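Keep the structure open while you read.

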Amino acid sequence: MMKVSSNGQVSIPAEARARWKADRMLVVDMGDYVVMRPMPADPVGDLRGKYAGRGPSSDEARREARAEDADREP
């Protein structure tokens, strides 16, 4: 359990900070609760390749979108 300061701050226990090796946190308001996740040092770099092989490539998606647009034009 953490106490929220008058400035809206909370302290993350040292063990958790050391385990996550993070100095920045992402806070997501889910309505009736909050999720805190450690932010990687390079958030964009960490996403590279994460979704490789899932769904169409960007070139394929553009081709499909252009074909759909062409079909809609009179």
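## The hairpin

Strands E1 (residues 25–29) and E2 run antiparallel and are joined by 5 bridges; strands count as paired if DSSP finds at least two bridges between them. Across the pair, Asp29 faces Val34 of E2. The hairpin has 4 residues between its strands, and Gly31 takes a positive phi near 100° there.

A word on what you're looking at: this is a predicted model, where local features need pLDDT of at least 70 and side-chain atom pairs count only at pLDDT 80 or more, while totals for chains, interfaces and linings use all residues. Numbering runs from 1 along each chain as its sequence is written, and side-chain values use heavy atoms, with hydrogens and water left out.

## Layout and confidence

The protein has 3 helices and 2 strands, in the order α-β-β-α-α along the sequence. These are DSSP runs numbered from the N terminus: helices are H or I with at least four residues, strands are E with at least two.

As for pLDDT (the predictor's confidence in each residue, from 0 to 100), the protein averages 87, and 100% of the residues score at least 70. E1 has the highest mean, at 92, and H2 the lowest, at 83.

## Overall shape

The radius of gyration is 21 Å, whereas a compact globule of 74 residues would have one near 11 Å. That value is taken over C-alpha atoms, and the globule rule is 2.2 Å times the number of residues to the power 0.38. Along the principal axes, the C-alpha atoms fill a box of roughly 60 × 25 × 15 Å.

Buried residues (under 20% relative accessible area; exposed is over 50%, partly exposed in between; 1.4 Å probe, protein chains only) make up 4% of the 74 residues. Lys21, in the loop between helix H1 (14–20) and E1, counts as exposed because its relative accessibility is 75%.

## The pocket lining

Which residues line the largest pocket? They are Leu26, Arg37, Pro38, Met39, Pro40, Pro43, Asp46, Leu47 and Lys50. A pocket here is an open set of points on a 1 Å grid over the protein atoms alone, where a 1.4 Å probe fits, with protein on both sides within 12 Å along at least five of seven lines; lining residues have an atom within 4 Å of a point.

Strand E2 (34–38) and helix H2 (43–47) each supply at least two lining residues, and H2 gives the most, with 3.
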